[in-house]
Amino acid sequence: MDLECSRDGLMYEQYRMDSGNTRDMTLIHGYFGSTQGLSDELAKQLWMVLQRSLVTVRRDPTLLVSVVRIIEREEKIDRRILDRKKQTGFVPPGRPKNWKEKMFTILERTVTTRIEGTQADTRESDKMWLVRHLEIIRKYVLDDLIVAKNLMVQCFPPHYEIFKNLLNMYHQALSTRMQELASEDLEANEIVSLLTWVLNTYTSTEMMRNTELAPEVDVGTLEPLLSAHVVSELLDTYMSTLTSNIIAWLRKALETDKKDWVKETEPEADQDGYYQTTLPAIVFQMFEQNLQVAAQISEDLKTKVLVLCLQQMNSFLSRYKDEAQLYKEEHLRNRQHPHCYVQYMIAIINNCQTFKESIVSLKRKYLKNEVEEGVSLSQPSMDGILDAIAKEGCSGLLEEVFLDLEQHLNELMTKKWLLGSNAVDIICVTVEDYFNDFAKIKKPYKKVRRWDLPQSLPSEARESRLLSLATCAAFSCTACA
């Protein structure tokens, strides 16, 4: 500084005496030629300390204070020279240095580098790369701001507003980084991680609303890290991907359930002894998982995902109905296969009631009110499909009974029967056996039924079977009665 002051003083005097004498000005400038090099070397040392200021302020705050004092001193010289320039027009070489402005540029570059350097993994090396990246960012930013608030502000003059400036730098660097991440080809779970962090974590007590940053950080004054347009695009991409995934998941779940239908062992039963398969539990567990994820982002997205789930459920139940019908038709072509047809058909019927209850439970849990658009209208349609599946299943089971009894019913009131036949005993045992299975049908599908015969039968056959059943009852067949 002494060398610069001597140089600048001589050049100023020469300028006042003879401003047009460039030869003497060049001579003075050359004599003090190494001074600019010393200034540049000093600047490098200052920037080096500033780049590590968050570490330096912990270990040796006096070093950071010295740097700030040098910058502040040079700022005062800059102001004095600029004031003199207005009067004389003279500015010495290398002035103004603007070291305060450069200091903030260095800090801003350091913050950006710190944010960008937190990505330690890629999708190829770690499926959870984004979650880890965002968590490291959260921890680093929170720790840095706490240090800045508690320690760095003591090393800078108040008018530097160092914490406010650093907060803005971090916020801008984060916004830029989030924009970069949003522009990548993110998977559905990665979109959820990003939006959850941007919309919730960033403004939560885990980060900007942390008590150690209060009251200096006012979350309400922070601009969104991602624009509404970008958020909307991410949500659209997420919903599109989720739709495809749900369709694929439902298709796979149904295919897996169909494989169980042909097993040689009976289906499992619930705690009350009613046959069931795992299909409803698998479907609604998948719905629950996606709704819980959506709820982390926003209420609006949660409602959209619920509507999507119910819409896809509606389509899925239509396929379920078709598959149950095919199952019945294939069995009728060869009644020896599958071995546990009756039990699995009962499980399918019971699943209909489970689906109904699960749909109501899902809506009650994730809807604030039943009149939300597009949601309340979906229930009647699904109930109708489920009732149709159950009704068709029950009719098929009754048809199964009559197919097994047909030969023995036809023996009643015949010469063979009069001469001695065990037809009634067989009928009683068969009906009782079916009764034991039908007892495992859930309400409301398990109920007292009249002797309704399939409408597809000719009227003569229907009358004959009704007569046979009445005759069977007359012979004190308790199971039939």
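Reader: How many cavities of 30 Å³ or more does a search of the whole structure find?
Author: This is a predicted model: local features need pLDDT of at least 70, side-chain atom pairs count only at pLDDT 80 or more, and totals for chains, interfaces and linings use all residues. Residues are numbered from 1 along each chain as its sequence is written, and side-chain values use heavy atoms, without hydrogens or water. A cavity is a set of points, on a 1 Å grid over the protein atoms alone, where a 1.4 Å probe fits but cannot get out. Cavities of 30 Å³ or more found in the whole structure: one.

Reader: What is the volume of the largest cavity?
Author: Grid points are joined across faces, edges and corners, and a volume is the space filled by probe spheres set on the points. For the largest cavity, that comes to about 40 Å³.

Reader: Which helix gives the largest share of the lining of the largest cavity?
Author: Lining residues have an atom within 4 Å of a point; here they are Thr-112, Ile-115, Glu-116, Ala-173, Thr-176, Arg-177 and Glu-180. Two helices (DSSP runs of H or I, at least four residues, numbered from the N terminus) give two or more residues each: H6 (99-116) and H8 (162-182). The largest share, four residues, comes from H8.

Reader: How much space lies in the second largest pocket?
Author: A pocket is an open set of grid points with protein on both sides within 12 Å along at least five of seven lines. Its lining has 15 residues, and nearest the centre lie His-339, Val-342, Glu-400, Asp-404 and Tyr-434. The space in this second largest pocket is about 310 Å³.

Reader: Which helix supplies the largest share of the lining of the second largest pocket?
Author: Three helices each supply at least two residues: H13 (341-366), H14 (378-411) and H16 (423-438). The largest share is four residues, and the helix is H16.

Reader: Is His-339 buried or exposed?
Author: His-339 sits in the loop between helix H12 (299-333) and H13. Buried means under 20% relative accessible area, exposed over 50%, and partly exposed in between, with a 1.4 Å probe and protein chains only. His-339 has 56% relative accessibility, so it counts as exposed.

Reader: Which residue, 78 places from His-339 in sequence, lies 9.4 Å away in space?
Author: That distance runs from C-alpha to C-alpha.

Reader: Which residues does Asn-350 contact, leaving aside neighbours within four places in sequence?
Author: Asn-350 is found in helix H13. Asn-350 counts as buried because its relative accessibility is 0%. Contact means heavy atoms within 4.5 Å. On that basis, the partners of Asn-350 are Tyr-274, Tyr-275, Lys-440, Ile-441 and Lys-442.

Reader: What arc do the buried residues of H3 cover?
Author: Helix H3 (residues 33-51) buries Thr-35, Ser-39, Ala-43, Leu-46, Trp-47, Val-49 and Leu-50. They lie on the same side of H3 because their arc around the axis, taken from the directions from the axis to the C-beta atoms, is only 155°.

Reader: Which residues are exposed on the other side of H3?
Author: The buried residues of H3 pack against helix H1 (2-17), helix H4 (53-59), helix H5 (61-88) and H6. An α-helix has 3.6 residues a turn, so residues three or four places apart point the same way. Exposed on the other side of H3 are Ser-34 and Leu-38.

Reader: How many helices does the protein have?
Author: Of its 481 residues, 45% are buried. Strands (DSSP runs of E, at least two residues) number zero. The helix count is 17.
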